[in-house]
Amino acid sequence: FYRLSARLDGPTYAACAGHLQDLLCQECSPYAAHLYDAEDPSTPVRTIPGLCQDYCLQVWQKCRSIFRYLSEDQELIALENNMAKFCHYLSLEDTDYCFPHLLANQNLNQNLGLVTADAEGCLQLCLVEVANGLRNPVAMVHANDGTHRFFIAEQVGLVWTYLPDRSRLEKPFLNISEAVLTSPWEGDERGFLGIVFHPKFKFNGKVYVYYSVEVRYEERIRISEFRISPADMNALDHGSERVILEIEEPASNHNGGELLFGDDGYLYIFTGDGGMAGDPFGTFGNAQNKSTLLGKVLRIDVNNNDRGPLYRIPPDNPFLNDPKARPEIYAYGVRNMWRCSFDRGEPHTKEGKGRLFCGDVGQNKYEEIDIVEKGKNYGWRAREGFSCYDKKLCANSSMDDVLPIYAYPHQMGKSVTGGYVYRGCESPNLNGLYIFGDFMSGRLMSLKEDHATGEWQYSEICMGTGQTCMFPGLINNYYQYIISFAEDEAGELYFMSTGVPSATAPHGVVYKVVDTSRRAPPGKCGVEPSPVKVKSKRIQFVPKEKLIVKTPTPRPRPTATAEAPRGGRPDPESPGAPAADRAGRGPPPRNRSGTPATPAPRGRTPKPRKGGERRGQRRKKKPAGTAAPPRNGAVRLMEQRGRGRGRGRVEVYVDGEWGTVCDDGWSSAAAAVVCRQLGFPYAVRASKKAEFGEGTSLRILLDDVQCSGQEKTLLECAHADVGTHNCSHEEDAGVVCSREEVAGG
């Protein structure tokens, strides 16, 4: 302000300094993202906040010269001598947010301090990158010993120690990769799946792990106990392994994988139903069969097991006295619970403490969230979500199964990843919000309990747009395939995701969730970690992810009095654009990353190159003539008004006809293939939900398209049979391509 005001002469300073200061200070307004139209992908990023008409007219009459110092927007400066066009240019479509009237708008100001939500109710959060270069990070846990270390497990069988400053120790905490059964195969669910520290780890040094193993050509899941090395507090003694429990796996999928200790001190083990599809084992399936440990939540007592049995049965286990049931069973009727958590309880009242939340992966229609309670039946295979799967079994009134608190269809996602109820300190508005995700679609989601009705209200979570995440160290994008969630010792929330499908590909990243709408007071959430004796080399953390600033398409503006400069602004860059299948989302269906169609959790695609399109450049028309028939696999882009120029609905030519592509599995990698076919070196983003109109006059020819990004045509990508699909034209896929790389992407 002082630098700019020094450029004003005396009379101008007297009349305009107040306006200058007001306009500059709107960058710090709680509504800056609205004032600068930074949340609307169809509008350019503003250099001047949106002004109310009466205020703009007042400023224009006496102080229009100050805008030369506030903005380098040549289009605005060219309109300086035309009051009507000048103020129209600075207006907002949503007049509720124009300055200065929004300051007196009670409907807006009464909600200050709540989690920011867009018009569709999508909660806008930000992220901090915590770790990277990991091979399918399946779990992150802490030791609850005051050191505030965290330990990240890779699917291949390594666990790494991270210190509070985010540096990683070069020596693994655990390395059982030689024993772990997994493969580089995309979507392989076997591997190192879970780890938990004993509640009294500080005193007994015990850690429990859950992994896949092959014993004499038989696949099993194994629960083992390790002890800390007496020589190094950051490494387990590999010779101390004791196998607590092994369960034969009849198939390679549905391996479960969660281990938790409850407030009761017992170890909870979450197994899958044995695999294949539809739980085909026995008369009613494994999940309903209480004589098998598959498809169950187990609870065992591993305390004081140095002598005698490796585990005991808790005396209040619900089926202890049932001769036909395994006594380890705590709950049953589950398909493949992937990631569960105990609620720490409201920080002050402890309300909700001890509730056990789980995400149970569905078959082919629904994903569900359950609150697991002792002795209850969670319905599989009779029921999938709220819907009947096995109709005959579902009609059995003796089932007495418990319905989920929430279920969602496969249009939203195909493999739920259970999360946590947030109980941390740093983002108080998130308190009580159950945050979870979907591995396949990359959605982040939340549920909040309505205490009056007992129902759970759903809200989507989006990455913050505009200025929401413009703080040092924050980012607003993530890789799509959400593998797991975690809490640190202080209760802050994290999740792990990757952009590449293989258990051996080092593309996993760990993110911390941050709500910028309200932060805890400075100093309130500080922790003082206990000292850690480090014997291994430290590897300092180097963040790689960047904040993505979208450059939206300009909306039509009035023609300038003086000729405005030629050449336009860059097209919008979706938060998902710079990296393949990175989900930096706004409300659905905008900026939705691709949904791979590979079954089972954990399929990913690699990163394409970054890019953006420059607007305002005309192409020369090609001379008319008789065109040769397109080759198989040729593509074209169409918009509602005709052929698209670098953007539009994707139409593909197969065996003599043009048709559309369904957006199931549609990703940035697939968009890169299309853009390269059309001569564009960069794919800005993959579009979904018929953003560029529905191709209702054509057949849907391709569905479940999965590309690596290197294929020459979509036909070289994995896809369902031509003409076979389970979608409608409401899910027609599209792309935005570019000949140039978007700055800041």
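View 1. Helix α11 (residues 668-677) is mostly covered, with eight of its 10 residues buried (buried is under 20% relative accessible area, exposed over 50%, partly exposed in between, using a 1.4 Å probe and protein chains only). The buried ones are Ser668, Ala669, Ala670, Ala671, Ala672, Val673, Val674 and Cys675. They pack against β29 (635-639), β31 (647-654), β33 (682-687) and β35 (734-738), where contact means heavy atoms within 4.5 Å. Just after α11, glycine 679 takes a positive phi of about 90 degrees. Helices (H or I, at least four residues) and strands (E, at least two) are DSSP runs, numbered from the N terminus.

This is a predicted model, so to speak of local features takes a pLDDT of at least 70, and side-chain atom pairs count only at pLDDT 80 or more, while totals for chains, interfaces and linings use all residues. Residues are numbered from 1 along each chain as its sequence is written, and side-chain values use heavy atoms, with hydrogens and water left out.

View 2. A search of the whole structure turns up 11 disulfides, a disulfide being a pair of cysteine sulfur atoms within 2.5 Å. One of them joins cysteine 662 to cysteine 727, S to S 2.3 Å. Cysteine 662 sits in the loop between β32 (657-661) and α11, cysteine 727 in the loop between β34 (699-702) and β35, 65 residues apart. Cysteine 662 is buried at 1% relative accessibility, and cysteine 727 is buried at 11%. Cysteine 707 and cysteine 717 form another disulfide, with sulfur atoms 2.1 Å apart; at 105 degrees about the S-S bond, this link is right-handed.

**View 3. A four-stranded open sheet.** The strand order is β15-β16-β17-β20, with antiparallel pairing; two strands pair if DSSP finds at least two bridges between them. At the edges are β15 (337-342) and β20 (406-409), each pairing on one side only. Strand β17 (residues 366-372) pairs with β20 over four bridges, and glutamate 367 has tyrosine 408 as its bridge partner in β20.

**View 4. The largest nonpolar core.** This core has 64 residues, and those with the most contacts inside it include Leu174, Phe192 and Phe436. A nonpolar core is a set of buried Ala, Val, Leu, Ile, Met, Phe, Trp, Tyr and Cys residues joined through side-chain atoms within 4.5 Å. Phenylalanine 192 touches, among others, Val138, Leu174, Ile176 and Tyr210, not counting residues up to four places away in sequence.
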